[in-house]
Amino acid sequence: MKDLQFPVGISNFEKIREGGYYYIDKTNLISELLSGGIAEVTLITRPRRFGKSLGMSTLANFLDITKDSKQMFEGLAISKNTELCKKWMNQCPVVFFSFKDTDGLTFESAYGMLCMKLAFAFQDYQFLLDDDAISDDDKGIFKRILGRTASMDETKSCFLLLTRMLEIHFKKSAVVILDEYDVPIAKASSNGYYSQMLDVMRAMMSTTLKDNTSLDFAVVTGCLKIAKESIFTGTNNFVSDTILSPRLSESFGFTQTDVDQMLKDAGLESQSAEIKAWYDGYHFGDADIYCPWDVISYLRDFQYGVAQKPKSYWKNTSDNAIIRSFIDYAGDNITTKLETLMAGGSIVQHIEENLTYDYLHSSEENLWSVLYLTGYLTKVRDKDLTDSLPDGCSALMIPNAEIREIFETTVSKWFDDSAKAWNRSPLFDAVWSGNSEALTKEMTKLLRMTISYHDYREDFYHAFLAGIFTGAGYVVESNKEHGEGRSDVIVKDIRNGRVAIFEAKYAKTLDALPDACDTAIQQINDRMYAADFRDDYDDILCYGIAFFKKRCMVRKNNYLLGSIFGCSPSLFTGQSIWIVLFLFGGTQWKTKNQSPCAPANGAAKGD
């Protein structure tokens with residue numbers, strides 16, 4: 001493998017180019033935005049980690065009149081468009097600002113962070129204070145923003161002020177580039193100060209973008225397209241480019257050609273299939289797209305020996321609470337659709353691109369739209385559709401293995417939380433009393449509350465069992481070695497000197513549940529799972545459980561005694577058990593080792 005510098009976490013175009021980092025040429029974005037009629041305001045929305053910030057940094061460096069960017073763009077596609085470069089390269093005053101770190105648990109905290117970031121940004125424009133053509137009043141507001149003493153109204157109008165000062169200084173109208181504009185609003189919605197932050201952002205956008213005579217044009221990026229009436233009210237010549245649009249479909253994210261070239265340059269063509277399965281699958285406009293953050297993160301880790309197999313990087317950088325909020329929205333219809341998606345299928349939904357955070361959870365349609373627009377779902381390609389779709393609807397699916405893993409782990413966490421909230425006392429009573437019929441009933445109730453994904457592996461049910469008992473005051477062991485094998489789940493009630501052993505099996509049909517139960521019980525016997533607990537616990541209860549989708553059957557093992565002593569289990573049925581109890585001391589044996597697996601009702605009284 002060749003030693004390449006992958007720019008993980010670096011969204012500064014100048015740093016990437018001057019630092020010798022590997023760069024996939026996306027300067028076609030500049031040509032697309034500047035060719036033909038330029039919209040006064042262009043809103044670009046893409047999921048997080050698809051290169052929006054790097055794209056805006058690239059555009060800013062190309063246009064910025066205070067820089068000499070020729071060498072920075074040397075050899076890139078845009079440099080071949082000499083006419084466009086002559087007209088636009090380093091010819092515009094530029095305001096470039098990112099809202100991505102504007103966050104806080106309270107409005108005061110988030111607003112303070114916004115003022116801090118604005119103060120840092122204004123430091124780059126202090127040369128304007130030396131221009132005698134700019135009024136003292138404007139300079140005074142500038143200094144207050146710089147010193148974080150500006151009024152809220154002055155803060156709301158900060159970009160209007162800056163564009164006016166730049167126009168006076170350079171005698172040219174300014175270009176405004178605002179990155180991740182919706183982050184402050186999303187954070188505010190999550191933390192309960194939505195209306196206050198919306199008031200600030202609406203005023204800031206309005207003063208900057210509406211009737212601003214010092215503005216040449218603006219480009220705004222975000223994750224979601226917030227309804228124009230909510231935040232961009234009155235903005236003229238407003239154009240939006242979402243993941244449904246074909247225009248900039250290859251400008252954000254990696255195409256197959258990009259990834260093939262990267263793997264060739266790195267000498268890692270052998271990883272192509274795995275990278276495709278994990279990080280490809282997004283369909284933006286008419287293009288098939290890889291998540292760039294994941295690809296370069298994996299190649300960097302592979303290069304340094306940190307990871308040899310693809311893993312999820314996206315879940316550690318995005319707010320996956322949206323899936324949880326979706327699940328909590330509840331409803332059998334939603335549950336069924338989630339199960340279909342997790343099974344590899346697709347659902348047909350209308351996509352609403354214009355959203356408002358305060359009404360985000362007002363309809364199921366909004367929630368599916370959010371999952372699509374934020375990258376948790378993608379469109380099924382037209383060529384892969386088997387049926388025609390209703391007007392305005394799209395077929396949605398999970399794009400790749402990485403996102404499927406996020407769904408699965410999130411759903412598991414949701415179940416753990418739901419199980420803890422459910423009244424589990426009847427289930428626990430059934431376990432410790434040896435009532436397998438009641439245990440079947442209670443477990444089935446819980447099972448029907450979960451979201452299954454039709455990949456019915458036994459480890460899914462192992463996690464289900466363990467989740468039931470976790471956090472209830474018991475010691476829970478999963479897949480730990482006991483006897484001559486590894487039992488699925490062990491639940492210890494140390495205070496009361498009792499232990500429950502569970503062996504789970506998955507039945508391929510509903511009718512196969514009884515046989516699967518018997519197989520589980522036989523495994524408990526053959527591998528002597530209960531033997532390790534004879535000396536320390538008074539009650540040892542063993543259960544074979546069979547699952548079929550959201551149905552289960554529980555049987556209690558009544559025949560383990562023989563396997564513990566190396567005899568045939570069939571020996572210890574009927575009258576034979578009386579002989580064993582007599583030989584081992586009758587009631588004394590029972591008191592010391594009462595029912596390693598509770599005998600059938602009435603089978604042995606010990607007296």
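1. Let's start with two tyrosines: Tyr279 and Tyr313 are both buried. Please keep in mind as you read on that this is a predicted model.

2. How are the rings of Tyr279 and Tyr313 arranged as an aromatic pair? They are tilted, with 50° between the planes and 6.5 Å from centre to centre. Tyr279 belongs to helix 13 (residues 272-279), while Tyr313 sits in the loop between helix 14 (292-303) and helix 15 (321-328). The pair therefore links distant parts of the chain, 34 residues apart.

3. The count of aromatic pairs comes to 33. One of them joins Phe107 and Tyr193: the ring centres are 6.3 Å apart and the planes meet at 65°, so this pair is edge-to-face, as the angle is over 60 degrees. Phe107 is in helix 5 (residues 107-123) and Tyr193 is in the loop between helix 9 (183-191) and helix 10 (194-209), so the pair ties together parts 86 residues apart in sequence. Both Phe107 and Tyr193 are buried.

4. Rings can also join up in a cluster. Here, ring pairs link Phe428, Trp432, Phe469, Tyr474, Phe502 and Tyr543.

5. Have a look at two charged side chains as well. Arg49 lies over the face of Trp293, 4.1 Å from the ring centre, and Lys117 lies over the face of Phe97, at 5.6 Å from the ring centre.

6. Is Thr42 buried or exposed? Its relative accessibility is 4%, so Thr42 counts as buried, the limit being under 20%. Thr42 is part of strand 1 (residues 41-45). Leaving aside residues up to four places away in sequence, Thr42 touches Leu33, Ala218, Val219, Val220 and Val239.

Terms used. Residues numbered from 1 in each chain as written. Predicted model: local features only at pLDDT ≥ 70, side-chain atom pairs only at ≥ 80, totals over all residues. Heavy atoms only, no water. Helix = DSSP H or I, 4+ residues; strand = E, 2+ residues; numbered from the N terminus. Buried < 20%, exposed > 50% of the residue type's maximum accessible area, 1.4 Å probe, protein only. Contact = heavy atoms within 4.5 Å. Phe/Tyr/Trp six-rings, centres within 6.5 Å; stacked < 30°, edge-to-face > 60°. Lys NZ or Arg CZ within 6 Å of the ring centre and 35° of its normal.
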